[in-house]
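User: I am new to this structure and would like to learn how to read its features one at a time. Could you take me through them, giving the general idea before each case?

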Amino acid sequence: MDPPFNEIYKNLLFKQITNTENNVPQIPFSFSITAVVEEVELPVIDVSRLIDGAEKEREICKEEIARASREWGFFQVINHGISMDVLEKMRQEQIRVFREPFDKKSKSERFSAGSYRWGTPSATCLRQLSWSEAFHVPMTDISDNKDFTTLRSTMEKFASESEALAYTLAEVLAEKSGRKSNFFKEKCVRNTCYLRMNRYPPCPKPSEVYGLMPHTDSDFLTILYQDQVGGLQLIKDNRWIAVKPNPRALIINIGDLFQAWSNGMYKSVEHRVMTNPTVERFSTAYFLCPSYDAVIECSGDCPTYRNFSFREFRQQVQEDVKKLGYKVGLPRFSILSLDILGPITDAISSHLGANPSGVSRTGKTPLSILNLKVWTLESEYSELSKEELELAKSIHMWNP
């Protein structure tokens, strides 16, 4: 049933074991920001007020959505219009699919080629490995599929209702940022939106391997339905916090495109999934994306980001992941020229013992200064000083 993690990544796992046996200090890379992880409950918003509430209640609800998107980049919604029956069926169906033998699901013809994914093909060290498997399914694969199975019909129901919720939330956020609320229905199309069914198998090294590497989402909005195992963590106030599961709620998070489109008003926050040594975890996510040719235009008189198409953004992300092993994202599209940022990033980089191009000067693990992702070093871990963080914030390169 499980993908062959131990077989394919045995060299990475063996190297870690050998280093430990040779008494080489190994700081878990999950400490990249801080060693202390507190469990919190995200803001909970009753979105039924948007439909059933009086005008005053609707406005209060809209402001709660906007505030959570500004301050957290994440929030939870209840009374969201997707029935518990649909959510439970979605969970049962994806469990059934993931229970199939690896050879069968990896060659499945249910969806388009490449939909089934697992691990991290480009991983060169444990901190780049995601201990998970997924079905990454374009919405058109669901609606065009003529195989009337319970899985297909359940996915179609979940996707359609998630789509409606996403449009509602996006229109609220557009209104509260002073932008046209019809943008999403005009630019976000089914052939670029997708569902992702995730499974995180039990991991023998939960303190050393991620379920899903730290990242931000490359979309406008993500709607997440997760089980009650836990493991989702995000950055808040420059520290990692663990999200307490809520059985009644769906999790909403802001993506990179919304941060750019709102000129940084709403925050696309870095998040990750931690592994569990004994219990598997399941989740399903819907991603609201525009057409590939849609242009993301930063709002305001002093835009932080230049205009870019969704196609250009995706291609840049893919190139960075292939070349660097991680996503850089929005800093690539900052208005600020790298010629101006060069001396600043070089100064910070020199202080931390690595350079921004990813070529180590000291033999230590390189740091991505452009998005201030501080990777754990081979024998120690570093954090930016207060002064460096303030400098980064002042040039709009930090996503709090």
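**Reading the contacts and the chain**

Analyst: Let us begin with charged side chains that pair up: a search of the whole structure, which is a predicted model, finds 27 salt bridges.

User: How many helices and strands does the chain have, and what share of the residues is buried?

Analyst: The chain has 13 helices and 15 strands, and buried residues make up 55% of its 400 residues. Another way to read the chain is through its contacts between residues at least 6 apart in sequence, of which 76% join residues at least 24 apart.

User: Which residue meets Arg-49 in a salt bridge, and are the two partners buried or exposed?

Analyst: The idea is to look first at the pair of atoms and then at the surroundings of each partner. The side chain of Arg-49 meets that of Glu-57, with 3.9 Å from N to O. Arg-49 counts as buried because its relative accessibility is 16%, under the cut-off of 20%, whereas Glu-57, at 33%, is partly exposed.

User: Where in the chain do the partners Glu-163 and Arg-190 lie?

Analyst: Glu-163 and Arg-190 form a salt bridge in which the closest N and O atoms are 3.5 Å apart. This pair links distant parts of the chain, since Glu-163 belongs to helix H8 (residues 150-176) and Arg-190 to the loop between helix H9 (183-187) and strand E6 (194-200), 27 residues apart. Glu-163 is buried, with a relative accessibility of 14%, while Arg-190, at 24%, counts as partly exposed.

User: What does the salt bridge of Glu-280 with Arg-199 tie together?

Analyst: In this pair the closest N and O atoms are 2.7 Å apart.

User: I would like to move on to pairs of helices; at what angle do the axes of H5 and H8 cross?

Analyst: For two helices, one reads the distance between the axes, the angle, and then the residues that meet. The axes of helix H5 (residues 84-98) and H8 come within 9 Å and cross at roughly 135 degrees, and H5 and H8 are therefore oblique to each other. Their crossing is left-handed. On the side of H5 the contact involves Val-86, Leu-87, Lys-89, Met-90, Glu-93, Arg-96 and Val-97, which meet Thr-150, Leu-151, Thr-154, Met-155, Lys-157, Phe-158 and Glu-161 in H8. By class, the residues of this contact of H5 with H8 are 7 nonpolar, 2 polar and 5 charged.

User: How are H4 and H8 oriented to each other, and which residues make the contact?

Analyst: The axes of helix H4 (residues 55-71) and H8 come within 9 Å and cross at roughly 85 degrees, so H4 and H8 are roughly perpendicular to each other. H4 contributes Glu-59, Lys-62, Glu-63, Ile-65, Ala-66 and Ser-69, and H8 contributes Leu-169, Val-172, Leu-173, Glu-175 and Lys-176. The contact of H4 with H8 divides into 5 nonpolar, 1 polar and 5 charged residues.

User: Which residues does Pro-277 touch, leaving aside those up to four places away in sequence?

Analyst: Pro-277, found in the loop between E12 and E13, touches Pro-202, Cys-203 and Pro-206 when those sequence neighbours are not counted. At 49% relative accessibility, Pro-277 counts as partly exposed.

User: Finally, what is phi of Asn-79, and what is it for Asp-237?

Analyst: As a general idea, most residues other than glycine have a negative phi. Asn-79, in the loop between strand E3 (74-78) and H5, has a positive phi near 50 degrees, and with a relative accessibility of 45% it counts as partly exposed. Asp-237, in the loop between strand E9 (232-236) and strand E10 (239-243), is not a glycine but has a positive phi of about 55 degrees. Asp-237 counts as exposed because its relative accessibility is 55%, over the cut-off of 50%.

Methods: Residues are numbered from 1 along each chain as its sequence is written. This is a predicted model: local features need pLDDT of at least 70, side-chain atom pairs count only at pLDDT 80 or more; totals for chains, interfaces and linings use all residues. Side-chain values use heavy atoms; hydrogens and water are left out. A salt bridge is a side-chain nitrogen of Lys or Arg within 4 Å of a carboxyl oxygen of Asp or Glu. Buried means under 20% relative accessible area, exposed over 50%, partly exposed in between (1.4 Å probe, protein chains only). Helices (H or I, at least four residues) and strands (E, at least two) are DSSP runs, numbered from the N terminus. Axes are lines fitted to C-alpha atoms, for helices over the stretch in contact, and angles run from 0 to 180 degrees between N-to-C directions. Angles under 35 degrees count as roughly parallel, over 145 as roughly antiparallel, 65 to 115 as roughly perpendicular and the rest as oblique. A crossing is left-handed if the near helix is turned anticlockwise from the far one by less than a right angle, and right-handed if clockwise. Contact means heavy atoms within 4.5 Å. Ala, Val, Leu, Ile, Met, Phe, Trp, Tyr, Cys and Pro count as nonpolar, Asp, Glu, Lys and Arg as charged, and the others, Gly among them, as polar.
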